[in-house]
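Let's take a walk through this model together. Keep the viewer open and follow along as the elements come up.

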Amino acid sequence: MSKTNSNGLTVKHKIGYGLGDAGGCMTFALMTGIFMRYCNNVLLIDPMVLATLLAIWNIWDAINDPMMGALMDKMFAKKRHPQGKFRPWLLRATPMLAVCFIALWTVPTMVDGFVRLAALFVLKVAYEACYTMFNIPMGSLLSAMANTDGERAQLSSARGFGSMVGNMIPMMLFPIILQVMGDNPTGYGIGAAVCAIVGAVMCFGHYALTEERNIVDAETDADNIKFTDILNVVKVNRPFVALCIHGICICTMQNVTQSLGTYMFEDVYGNIGMMSMMTGMSMPLSIVFLVGAPIVAKKMGLEKMIRSGLLLSCAIYVTLFGLHMVMNVPIMLHIIMSALGSGFCSLSVLMQWGLVGEAIDYNEYVTGKRTEGSIYGTFNLARRIGNTIGSSSAVLLLSAVGYDATLEVQSAGAIVGIKALCVLLPGIFAIGSWAAFKFVWNITPEVREKMAAHKAGNN
């Protein structure tokens with residue numbers, strides 16, 4: 001059971017929570033944007049060996065999220081920490097994360113042969129474990145801080161801003177460092193160290209400025225928290241199932257569209273450089289949504305706002321695909337409509353963390369156990385499944401529509417297929433996510449009142 005601190009969220013809380021994703025993304029952005037080049041160009045890892053390592057690492061990434069979340073729940077059930085359930089983990093994980101990240105980008109360059117591969121493998125596993133040790137409590141902390149839809153939306157928005165900053169800074173800094181130091185081990189090592197240190201400062205700020213307002217009481221100490229509890233959650237917690245379906249749909253969509261976006265601009269429009277304009281339009285849209293979402297959510301509810309955004313996204317994508325089928329759509333019209341479709345869909349991504357918090361509250365209501373770590377970790381697993389499906393299926397789908405990399409000009413059928421994959425498919429996945437919230441999600445205003453009464457009765 002949990003007890004609630006009725007004092008409202010402060011600006012300090014919001015800034016502190018945003019610093020969490022900003023700090024984590026300072027290293028994670030380089031893993032998604034630069035790590036492959038580091039392995040290929042600096043470590044000179046054979047492509048087949050690297051592909052095998054990536055497969056093993058992806059499996060590890062998929063299973064370690066729910067494992068870490070369940071471990072945190074189980075440890076807290078055994079021994080209450082005076083600083084709370086999640087914040088102590090932030091303090092432990094932050095220095096370990098920074099050290100492992102710097103080691104990953106430096107130690108393998110100091111050795112050769114099998115020792116280099118072994119060092120790379122072990123340090124990547126260690127980094128992912130430390131990142132998960134930080135990310136799971138950081139994400140779960142939202143449910144320990146927020147009590148209403150409005151507060152969940154505010155913290156989700158703060159996290160969105162933090163993520164934007166955390167992804168932008170390293171991708172701006174790192175290329176400059178490589179330009180100055182050279183595309184060599186020294187450049188990568190210095191770049192990694194700078195990003196790790198800046199990220200660690202942000203992570204410590206996240207710890208210092210946040211507060212666990214929903215306090216797990218002594219009754220929870222008697223709960224028999226098990227690693228298998230998540231299986232029961234799937235049976236009784238429909239909001240959690242809806243979120244997992246949503247996570248798979250949206251992450252699959254994002255990976256497919258990101259992987260195939262270059263084909264739309266190069267093979268359909270013959271101007272790959274215009275992709276940068278679409279990126280430039282998407283960022284201010286994201287800022288508008290992040291600022292406006294908490295205001296809208298306060299009036300219409302977080303889940304209803306997300307459903308409305310997904311429907312609008314689907315309508316825009318389907319309309320754009322219809323236009324592509326009957327006319328030559330000007331590239332600027334395609335960019336504007338695609339950016340709007342992506343922007344409305346991104347509401348579900350930016351605000352999903354608030355719904356995770358509500359699913360955690362619902363789980364406490366129906367099971368009597370507050371297991372934020374297990375639920376957040378397993379939701380991350382669902383998102384990783386979507387990422388894997390999206391990245392793997394993109395190549396297969398491109399081949400299925402008849403794309404031939406040896407041709408300078410693709411066939412008419414392949415062009416239609418590329419349009420369908422880049423424009424229609426996102427709309428289909430958006431409606432899939434909408435259906436999860438429409439037909440599976442079951443937290444109605446009446447249920448929400450019962451949840452609030454249940455929580456108030458435990459205070």
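Predicted model: local features only at pLDDT ≥ 70, side-chain atom pairs only at ≥ 80, totals over all residues.

A salt bridge here is a side-chain nitrogen of Lys or Arg within 4 Å of a carboxyl oxygen of Asp or Glu. Residues are numbered from 1 along each chain as its sequence is written, and side-chain values use heavy atoms, with hydrogens and water left out.

Start with the overall picture. The chain's secondary structure comes to 16 helices and 2 strands; helices (H or I, at least four residues) and strands (E, at least two) are DSSP runs, numbered from the N terminus. Along the principal axes, the C-alpha atoms fill a box of roughly 70 × 55 × 40 Å. The radius of gyration, taken over C-alpha atoms, can be held against a globule rule of 2.2 Å times the number of residues to the power 0.38. For 459 residues a compact globule would come out near 23 Å, and the chain has 22 Å, which agrees. Of those 459 residues, 53% count as buried. Buried means under 20% relative accessible area, exposed means over 50%, and partly exposed is in between (1.4 Å probe, protein chains only).

Now back to the salt bridges. Asp21 and Arg159 meet through their side chains at 3.2 Å, N to O. Asp21 sits in helix α1 (residues 11-33) and Arg159 in helix α6, so the pair ties together parts that are 138 residues apart in sequence. Both Asp21 and Arg159 are buried.

Glu151 pairs with Arg213, with the closest N and O atoms 3.1 Å apart. This pair links distant parts of the chain, since Glu151 is in helix α6 while Arg213 is in the loop between α7 (185-209) and β2 (214-216), 62 residues apart. Glu151 is buried at a relative accessible area of 13%, and Arg213 counts as buried at 2%.

What about a salt bridge inside one helix? Lys124 and Glu128 form one, their closest N and O atoms being 2.9 Å apart. These two are 4 residues apart in helix α5 (residues 113-145), which means about one helical turn separates them. Lys124 is buried, with a relative accessible area of 6%, and Glu128 is buried at 3%.

Next, follow the helices themselves. The expected span of a helix is 1.5 Å times one less than its number of residues. Helix α14 (residues 372-400) has 29 residues and reaches 41 Å from first C-alpha to last, close to the expected 42 Å. Even so, α14 has a kink of about 35 degrees centred on Ser393, where the bend at a residue is the angle between axes fitted to the seven residues ending there and the seven starting there. After α14 comes Gly402, with a positive phi near 95 degrees.

Helix α4 (residues 87-104) has 18 residues and reaches 26 Å, close to the 26 Å expected. Its kink is about 30 degrees and lies at Ala93, shortly before the proline Pro95. The buried residues of α4 include Trp89, Leu97, Phe101 and Ala93 itself.

Most residues other than glycine have a negative phi. Leu44 has a positive one, near 55 degrees, and this residue counts as exposed at 63% relative accessibility.

Finally, turn to the surface. Phe161, Met168, Met172, Met283, Ile287 and Val291 form a nonpolar patch with about 500 Å² of accessible area together. Patches are made of residues with over 30% relative accessible area and no salt bridge, with like charges joined within 9 Å and nonpolar side chains (Val, Leu, Ile, Met, Phe, Trp, Tyr) within 5 Å. Accessible areas come from the Shrake-Rupley method with a 1.4 Å probe, and for residues only the protein chains shown count as cover. Helices α6 (149-181) and α10 (275-300) each supply at least two residues of the patch. Met168 lies in α6 and is partly exposed, at 35%.
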